[in-house]
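Open the model in your viewer and keep the sequence panel beside it. The tour below goes from one selection to the next.

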Amino acid sequence: MELVYTGKTKNVYALENGNYLLKFKDDCTGKDGVFDPGENSVGLTIEGVGDVNLRMSVYFFEKINAAGIRTHYVSADLKETTMEVLPAKVFGKGLEVICRHKAVGSFYRRYSDYVEEGADLAEYVETTFKNDEKGDPLVTKDALVMLGVMSSQQYEDIKAMAQKITRIVADDLLSKGLVLYDIKFEFGYDKDGNVMLIDEIASGNMRVYKDGRYVDPMTLSKLFFA
């Protein structure tokens, strides 16, 4: 295997069959030894976090694939904490897609003049460029198309897929007494331009509440597999 990318929480290797292998680490983003999925640098190492992130990702990728939604997931080796994925290109220099069920976090901070905190949102989808220095700026569909980042159809595909996937995750969490407020995805595309879900689906990518109280990612992972 050839190491092609060293990430904060995963390393990426090229496989001989043309696919890639993601090696999940126990490194976590955070600051001053405190876990924070919103931070942009590795702040601590938590034994077993790579394993639980992989297991949750595999669980949801298999459900999403079964629903007929395109993803990069091929297979996983839980003993080696690795996941084989299809090759995919990212949009631009990296794009995050957030689907929101509740008005919290940055959405509420931006629009608090118009909405109450915790208000229901109708599967609201927003996109941000991955750029730490610029604070991951919001970007509209028109701008994405005008800048040549994606086509209008690719945007519509991403929006529809994000909403469908969010429903799958939210329904599953609700069966465990957990309420999904919002979730962050990454999408890419194959050589033919077909959109697919990439990266991972782990507790650090979602905001979840139980009995009206926020559940931190590490606690969420424990509850999810309890």
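Predicted model: local features only at pLDDT ≥ 70, side-chain atom pairs only at ≥ 80, totals over all residues.

Residues are numbered from 1 along each chain as its sequence is written, and side-chain values use heavy atoms, with hydrogens and water left out.

**Stop 1: the surface patch**

Select Val-4, Tyr-5 and Tyr-20, which make a nonpolar surface patch of about 290 Å². A patch takes residues with over 30% relative accessible area and no salt bridge; nonpolar side chains (Val, Leu, Ile, Met, Phe, Trp, Tyr) are joined within 5 Å, and like charges within 9 Å. Areas come from the Shrake-Rupley method with a 1.4 Å probe, and for residues only the protein chains shown count as cover. Tyr-5 belongs to strand 1 (residues 2-6). Strands (E, at least two residues) and helices (H or I, at least four) are DSSP runs numbered from the N terminus. With a relative accessible area of 52%, Tyr-5 is exposed; the classes are buried under 20%, exposed over 50%, and partly exposed in between (1.4 Å probe, protein chains only).

**Stop 2: helix 1**

Next, select residues 49-66, which form helix 1. The 18 residues reach 26 Å from first C-alpha to last, close to the 26 Å expected at 1.5 Å a residue; the expected span is 1.5 Å times one less than the number of residues. Colour the buried positions of helix 1, among them Val-52, Met-56, Phe-60, Phe-61 and Ile-64. Just after helix 1, Gly-68 has a positive phi of about 85 degrees.

**Stop 3: the hairpin of strands 7 and 8**

Move on to strand 7 (residues 73-77) and strand 8 (residues 82-85), an antiparallel pair with 4 bridges. Strands count as paired if DSSP finds at least two bridges between them. The hairpin has 4 residues between its strands, and Thr-81 in the turn shows a positive phi of about 55 degrees.

Which residue of strand 8 stands opposite Asp-77? The residue is Thr-82. Thr-82 is buried, because its relative accessible area is 9%. Leaving aside neighbours within four places in sequence, Thr-82 is in contact (heavy atoms within 4.5 Å) with Leu-21, Leu-22, Lys-23, Leu-54, Ala-76 and Asp-77.

**Stop 4: strands 13 and 14**

Select strand 13 (residues 179-189) together with strand 14; the two pair in the antiparallel sense over 4 bridges. Phe-187 has Leu-197 of strand 14 as its bridge partner. The hairpin leaves 5 residues between the strands, and Gly-193 there takes a positive phi near 85 degrees.

In a regular strand, side chains alternate between the two faces of the sheet. In strand 14, Val-195 and Leu-197 lie on one side and Met-196 and Ile-198 on the other, and all are buried.

Then pick Gly-204, in the loop between strand 14 (195-198) and strand 15 (206-210). Gly-204 counts as partly exposed, at 25% relative accessibility.

**Stop 5: the salt bridges**

The structure holds 16 salt bridges, each a side-chain nitrogen of Lys or Arg within 4 Å of a carboxyl oxygen of Asp or Glu.

Show Glu-200 and Lys-10, whose side chains meet in a salt bridge (2.8 Å, N to O). Glu-200 is in the loop between strand 14 and strand 15 and Lys-10 is in strand 2 (residues 10-14), so the pair ties together parts that are 190 residues apart in sequence. Both Glu-200 and Lys-10 are buried.

Next show Asp-190 and Arg-70, with their closest N and O atoms 4.0 Å apart in a salt bridge. Asp-190 sits in the loop between strand 13 and strand 14 and Arg-70 in the loop between helix 1 and strand 7, so this pair ties together parts 120 residues apart in sequence. Asp-190 is buried at 14% relative accessibility, whereas Arg-70 is partly exposed at 42%.

Finish with Arg-110 and Glu-126, a salt bridge with its closest N and O atoms 2.6 Å apart. Arg-110 is in helix 2 (residues 105-111) and Glu-126 in strand 11 (residues 120-129), 16 residues apart. Arg-110 is partly exposed at 34% relative accessible area, and Glu-126 is buried at 4%.
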